[in-house]
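Hi everyone, thanks for coming.

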Amino acid sequence: MTFPTDPLVVLIHGAGHDRRIWWAVTLGLSRLGWQVSAPDLPGHGADERAPCPTIEEYAAALAAGLDAERPVVAVGHSMGSLVALELAARLGERCRGLALIGTALPMAVSPELLERAAEPRAACQMMEPWAFGARARGTGLPRAVQELVLEQRPGVLANDLRACHAYAAEPALERAKGMTAPALFLTGAQDRMTPVKAATRLWETLARREAACTWHTLPGVGHTPMLEAPLALRWLLHRFLRRCR
């Protein structure tokens, strides 16, 4: 069986979210001619499996659902950026590109938030001041994200935050050194959940390789650029994808 030359664009959601967080990006990239997949990770959204306790297991589950020969560009947000990083390491040369949105390595979670995650509404209220930028103020975006989290099954958010917190930075950085795909970092200038400095070590590791590595910071945007600035995000992704063919 033959496939199109263009890679499959895999959009990987973050902790306590599901595929719906990507709706505007999925629609925009599809209209620009890209083949896009935005799966629910195990235990999220419509997926009926149990959530995975580790980032590595999320990546393994995602890899198992991909065609064994199709090239991929892995695009991940927040927890999904860690899954994308792990997926890229698993795919090797089949990974044509790696786009990390709102990433951090390590992605440490405060003890207070880990404790509050057992009650998702309280956790969302705690995260809201840190998560959204000026563009989201006075809009319904914070409430919409909270409702998305509350629609997940009990324990999903707590599970995901523990997985982020436990993901070991040093082995991941070692694996990143061997990656051959170009990389794109996208950060909201007002993201206090995963600020620019939190991604510096990963950026430096990927930038030392021969493959191209670029970073864009979106002004006035917080932790969810796919909702706060979807037009800018999908245009930057479109430009990046053209380099990944």
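Let's start with Pro106, which sits in the loop between β4 (95–101) and α4 (111–116). Those labels are DSSP runs numbered from the N terminus: helices are H or I with at least four residues, strands are E with at least two. The peptide bond from Leu105 to Pro106 is cis, with omega near 0 degrees.

Quick word on the source: this is a predicted model, where local features need pLDDT of at least 70, side-chain atom pairs count only at pLDDT 80 or more, and totals for chains, interfaces and linings use all residues. Residues are numbered from 1 along each chain as its sequence is written, and side-chain values use heavy atoms, leaving out hydrogens and water.

Next, Ser78, in the loop between β3 (72–77) and α3 (79–91). Its phi is near 55 degrees, a positive value in a residue other than glycine. Why point out such things? Most residues other than glycine have a negative phi, and most peptide bonds are trans. Ser78 also counts as buried, because its relative accessibility is 11% (buried means under 20% relative accessible area, exposed over 50%, partly exposed in between, with a 1.4 Å probe and protein chains only).

Last, a helix pair. The axes of α5 (residues 120–131) and α6 (residues 141–150) come within 10 Å and cross at roughly 150 degrees. So the two are roughly antiparallel (under 35 degrees is roughly parallel, over 145 roughly antiparallel, 65 to 115 roughly perpendicular, the rest oblique). Who makes the contact, meaning heavy atoms within 4.5 Å? From α5, Pro120, Arg121, Cys124, Gln125 and Glu128; from α6, Pro142, Gln146, Val149 and Leu150.

Methods:
Axes fitted to C-alpha atoms, helices over the stretch in contact; angles between N-to-C directions. Contact = heavy atoms within 4.5 Å.
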